[in-house]
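Here is a quick tour of one model, taken a feature at a time. Keep the viewer open as you read.

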Amino acid sequence: MSSSPVGFITMAYGAQRYLDQAISLARSVKRHMPQHPIALITDREERVAPFDDQIRMEDFSLAGTVLKRKMYEYTPFEETLFIDSDCLVTRDCSQQIAEIRRWDFSPVVNTYLADGDRDLWLKDVGAAVRQVGGASFPKFNGGVYFFRKSERAQKVFAGGEEMLARQDELGILDFDKAGPGEETLLGLALSQLGVSDLYDDHGKLMRSPLNATGPIHLDILRGECWFEKNHKRVEPAIVHLCGEWIDHPTYVIACRELAKGKALSAIERASIDAPYKARKIGEKVARRFG
């Protein structure tokens, strides 16, 4: 293995909010993992701080998660940790990176689906797995991927392109207007390769608070993050604040504290929290009586 640090990359294109998310991610990397360079893959021509490197995308006409399947081509690093732009690094994760480097390619996986299981983005899990000659389908959140320039990683990404071409045949459903999610494409590529032993971080590298039970604790400046999910306490070094969490006060406060480099006052926190709660109450009332 290379002794040089693993490089981080993220992608941000289209609307300004995605670039803003990527900048917050980069700030969190600089705070907690400054020894690792971070590169931005983007449609912007102007230089964006605080990234160490910037790679212009060749084709971004259809913005969507399907473009993430191109990360192998874009990375400037021999060993790469891809992090979604709607993530934040909450603390040093050197131990977890050392563990995931045992693989040439791996997301964080602790679930494998088989015949009879259901998935939101496949019409029939069992049928799709059989058609690619696999035994199971690794189910994962695409918030992070580790890969090194290698024959195995090349095969995974090439397999993802094959799965995209076979979308209708395999019963792959669109994730957004651009097409399927890269998670489904790469998951089926891994299935085709017979991979059934990928990196399980036991809640330490990356988790999303989607479907979490109770509040999320995130102190981005002190390097603290934990919450309950699937009846277990997880303490992710990278928290993936996707979906409904992207405008949650927890995320907004963390991003503003990273930008300022210091904690917000109680008044500043209340100015973020109160409108969010009022809006949520309004939405709840509208659903009940509308």
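How are α8 and α9 oriented to each other?

## About the model

This is a predicted model, where local features need pLDDT of at least 70 and side-chain atom pairs count only at pLDDT 80 or more, while totals for chains, interfaces and linings use all residues. Residues are numbered from 1 along each chain as its sequence is written, and side-chain values use heavy atoms, with hydrogens and water left out.

Helices (H or I, at least four residues) and strands (E, at least two) are DSSP runs, numbered from the N terminus.

## α8 against α9

Back to that opening question. Helix α9 covers residues 266–289, and its axis sits 10 Å from that of α8, at an angle of about 155°. Axes here are lines fitted to C-alpha atoms, for helices over the stretch in contact, and angles run from 0 to 180 degrees between N-to-C directions. α8 and α9 are therefore roughly antiparallel to each other. For the cut-offs: under 35 degrees counts as roughly parallel, over 145 as roughly antiparallel, 65 to 115 as roughly perpendicular and the rest as oblique.

The crossing of α8 and α9 is right-handed; that label applies if the near helix is turned clockwise from the far one by less than a right angle, and left-handed is the anticlockwise case. On the α8 side, the contact (heavy atoms within 4.5 Å) uses Pro 249, Val 252, Ile 253, Arg 256, Glu 257 and Lys 260, and α9 brings Glu 268, Arg 269, Ile 272, Asp 273 and Tyr 276. By type, the residues of the contact of α8 with α9 are 5 nonpolar, no polar and 6 charged.

## α8 against α1

α8 (residues 249–260) also meets helix α1 (residues 16–32), with axes that come within 9 Å and cross at roughly 60°. α1 and α8 are therefore oblique to each other, and their crossing is left-handed.

From α1, look for Gln 21, Ser 24, Arg 27, Ser 28 and Arg 31, which meet Tyr 251, Cys 255, Leu 258 and Ala 259 of α8. That contact of α1 with α8 holds 4 nonpolar, 3 polar and 2 charged residues.

## α5 against α7

Next up is helix α5 (residues 151–165), whose axis comes within 8 Å of that of α7 and crosses it at roughly 115°. α5 and α7 are therefore roughly perpendicular to each other. Their crossing is right-handed.

The α5 side includes Val 156, Phe 157, Gly 159 and Gly 160, and the α7 side includes Leu 185, Leu 186 and Leu 188. The residues of the contact of α5 with α7 come to 9 nonpolar, 3 polar and 1 charged.

## The cavity

A cavity is a set of points, on a 1 Å grid over the protein atoms alone, where a 1.4 Å probe fits but cannot get out; lining residues have an atom within 4 Å of a point. The count is 1 cavity of 30 Å³ or more, and the largest cavity holds about 30 Å³ of space, a volume being the space filled by probe spheres set on the points, which are joined across faces, edges and corners.

Phe 137, Pro 138, Lys 139, Phe 140, Glu 183 and Thr 184 line the largest cavity. β8 (137–140) and α7 (182–192) are the elements giving two or more residues to that lining, with β8 supplying the largest share, 4 residues. The lining divides into 3 nonpolar, 1 polar and 2 charged residues.

## Two backbone spots

Most residues other than glycine have a negative phi, and most peptide bonds are trans. The bond from Ala 49 to Pro 50 is cis, with omega near 10°, and Pro 50 lies in the loop between β2 (38–42) and β3 (53–56). His 202 has a positive phi, near 55°, and its place is in the loop between α7 and β10 (206–207).

Notes:
1 Å grid on protein atoms, 1.4 Å probe; cavity = no way out; pocket = protein on both sides within 12 Å on 5 of 7 lines; lining within 4 Å. Nonpolar A, V, L, I, M, F, W, Y, C, P; charged D, E, K, R; others polar.
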